[in-house]
Amino acid sequence: MQTVKIPVSIDPIRTAASGLRYEGIVPGKQNKRLNELCAGDCSDVTVSLECGVDIQGIVYLSGKAVTELTLLCQRCMTPYTTEVTVDFSFSPCKTQEEIDELPDAYEPIECNEIGEVRLHQLIEDELIIAMPIIPMHQNADCNLGTSDIAVGEIEPSQEERPNPFAVLEKLKSK
């Protein structure tokens, strides 16, 4: 199968009935929200996607997306590159009842008004969720390693402040 650009949107019911599979890329420049969260542009996202109907008759979209992101290490504040991989399995749902009956193996997704799912947006959402909460190098690769950063020291105050509860103590003795 040749690598092609993943379609922006698909009709999940029609593609599942045909049992279509896609292997391709989503250009990194199209992931605007993901690029805003990175220290540099993200690379192209390699996607493999399978559309089908399982033995229970549930339409599904499942696959994997992989990309490299340049993030800012929160320990040493230098950029580094990390690979982010997500596995996903979705099923289109129209009503709350369908969502409630959906097996745990699938996440519900909504179709737009013409019955299509926006794949690029869906893949970008999954990659954003999979990003590290606090991006950091591995300890061995980080410029600071395991040492903590000391920004400044707070010197103990030499003057004695009055106790704010001293007034209550006077009331209590009366």
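C73 is buried, at a relative accessible area of 0%. Buried stands for under 20% relative accessible area, exposed for over 50%, and partly exposed for what lies in between, with a 1.4 Å probe and protein chains only. C76 is buried too, at 13%. The structure holds 0 disulfides. A disulfide here is a pair of cysteine sulfur atoms within 2.5 Å. C73 is in none: the nearest cysteine sulfur belongs to C76 and is 3.6 Å away.

A word on the model. It is predicted, so local features need pLDDT of at least 70 and side-chain atom pairs count only at pLDDT 80 or more, while totals for chains, interfaces and linings use all residues. Residues are numbered from 1 along each chain as its sequence is written, and side-chain values use heavy atoms, with hydrogens and water left out.

Now the sheet. It is open, and 6 strands form it in the order β1-β3-β4-β5-β6-β7. Its pairing is mixed. Strands are DSSP runs of E with at least two residues, helices are runs of H or I with at least four, and both are numbered from the N terminus. Two strands pair if DSSP finds at least two bridges between them. Strands of a sheet pair through backbone hydrogen bonds, either parallel or antiparallel. At the edges stand β1 (4-5) and β7, each of which pairs on one side only.

β1 and β3 pair in the parallel sense, over 2 bridges. K5 has I25 in β3 as its bridge partner. Next, β3 (residues 21-26) joins β4 (residues 45-53) through 6 bridges, and these two strands run antiparallel. There G24 stands opposite V47 in β4.

β4 then pairs with β5, again in the antiparallel sense, over 8 bridges. Here E50 faces S62 in β5 as its opposite residue. β4 and β5 form a hairpin with 5 residues between the strands. In this hairpin G57 takes a positive phi near 85°.

Rings of Phe, Tyr and Trp (its six-membered ring) pair if their centres lie within 6.5 Å; planes under 30 degrees apart count as stacked, over 60 as edge-to-face and the rest as tilted. The ring centres of Y60 and Y106 are 6.1 Å apart and their planes meet at 20°, so this pair is stacked. Y60 is buried, at 14% relative accessibility. Y106 is buried as well, at 13%.

S9 and L122 are 113 residues apart in sequence but 9.6 Å apart in space, C-alpha to C-alpha. S9 is partly exposed, with 25% relative accessibility.

Last comes the surface. F165, V167, L168 and L171 make a nonpolar patch of about 440 Å². Patches take residues with over 30% relative accessible area and no salt bridge; like charges are joined within 9 Å and nonpolar side chains (Val, Leu, Ile, Met, Phe, Trp, Tyr) within 5 Å. A salt bridge is a side-chain nitrogen of Lys or Arg within 4 Å of a carboxyl oxygen of Asp or Glu. L171 belongs to helix α5 (residues 166-173). L171 is exposed, at a relative accessible area of 56%.

Notes
Areas by Shrake-Rupley, 256 points an atom, 1.4 Å probe, with all protein chains shown as cover.
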